[in-house]
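Dear colleague,

Please read it with the model open beside you.

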Amino acid sequence: MMPTPDILIGARAVVFDAYGTLLDVHSAVQRHAGSIGPDAKPLSDTWRQKQLEYSWVLSLCGRYMTFWTLTERALDYALARHPNVDPSLRPALLEAYRRLDAYPEVPATLDVLRTQGLKTAILSNGDTAMLDMAVRSAALHDHLDAVLSVDPAGVFKTSPRAYDLALERLGVDIREIVFVSSNRWDVAGAAAYGFTPVWVNRTRQPEEYPDLAPVQVIDSLGALLR
């Protein structure tokens, strides 16, 4: 067995964000980049930006709807914002988003963590049906002990009620969870909540939220094991 990295000493579970952390949110557009043309990257960036923005606005308003609905509405906005993209691609793009690619290091990383005796779980804004299809299509289901949607909380991350779900399901203490996300705002939420947060900064984004810092910054999930 590999030696336990310092960040995992004392942990009993590693909880991952799904979209952007385990699953490549831009792979949906990349599959159709040839049909989309030069606006492929701007379209994908806008789609993701609005998907998240809608979740934050609804949470602040005290309202909730499924993340899949927000994903559809965000794509509609992105297509309107980039009118050179053929809108007839909408169904194909949504279908591709249901079946996003996992980052290549994900399965092996999850397996090693489990051999270390750690529980592995997802805690995601994605609704239950959306997550189930994504996890199964990426062949990750057998690598995880739990797949948790914020649906039962009726509010999106970074609400503490969303993070409560991991404690309730996994039956561990708050300080025994290492929380891993590629989204800096999610890392900030996890830090405020009391988890041990790790930021997967694949694209070398600048630091934000200095008062809610990660305990470690890594460039891929495999770095968790070093």
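**Cavities, pocket and cores**

A search of the whole structure, which is a predicted model, finds two cavities of 30 Å³ or more. The largest cavity has a volume of about 50 Å³, and its lining consists of Asp-17, Tyr-19, Arg-48, Leu-52, Phe-67, Ser-124, Asn-125, Asn-183 and Trp-185; by class, these are four nonpolar, three polar and two charged residues.

The second largest cavity, of about 40 Å³, is lined by Val-25, His-26, Ser-44, Trp-47, Arg-48, Gln-51 and Tyr-97, and the largest share of that lining, four residues, comes from H3. Its lining divides into three nonpolar residues, three polar and one charged.

Turning to the open space, the largest pocket has a volume of about 680 Å³ and is lined by 23 residues, with Arg-48, Ser-182, Asn-183, Thr-203 and Gln-205 lying nearest its centre. Helix H3 (40-61), helix H9 (184-193) and strand S5 (196-200) each supply at least two residues of this lining, and H3 gives the most, with six. The lining comprises nine nonpolar, eight polar and six charged residues.

As for the packing, the largest nonpolar core has 57 residues, of which Phe-16, Tyr-19, Leu-23, Trp-47, Tyr-97, Leu-140 and Val-180 touch the most other members, while helix H4 (residues 67-81) gives the most to this core, with seven residues. Apart from this core lies another, of 18 residues, among them Ala-121, Leu-123, Tyr-193 and Phe-195.

With best wishes

Terms used
Residues are numbered from 1 along each chain as its sequence is written. This is a predicted model: local features need pLDDT of at least 70, side-chain atom pairs count only at pLDDT 80 or more; totals for chains, interfaces and linings use all residues. Side-chain values use heavy atoms; hydrogens and water are left out. On a 1 Å grid over the protein atoms alone, a cavity is a set of points where a 1.4 Å probe fits but cannot get out, and a pocket is an open set with protein on both sides within 12 Å along at least five of seven lines; lining residues have an atom within 4 Å of a point. Grid points are joined across faces, edges and corners, and a volume is the space filled by probe spheres set on the points. Ala, Val, Leu, Ile, Met, Phe, Trp, Tyr, Cys and Pro count as nonpolar, Asp, Glu, Lys and Arg as charged, and the others, Gly among them, as polar. A nonpolar core is a set of buried Ala, Val, Leu, Ile, Met, Phe, Trp, Tyr and Cys residues joined through side-chain atoms within 4.5 Å. Buried means under 20% relative accessible area, exposed over 50%, partly exposed in between (1.4 Å probe, protein chains only).
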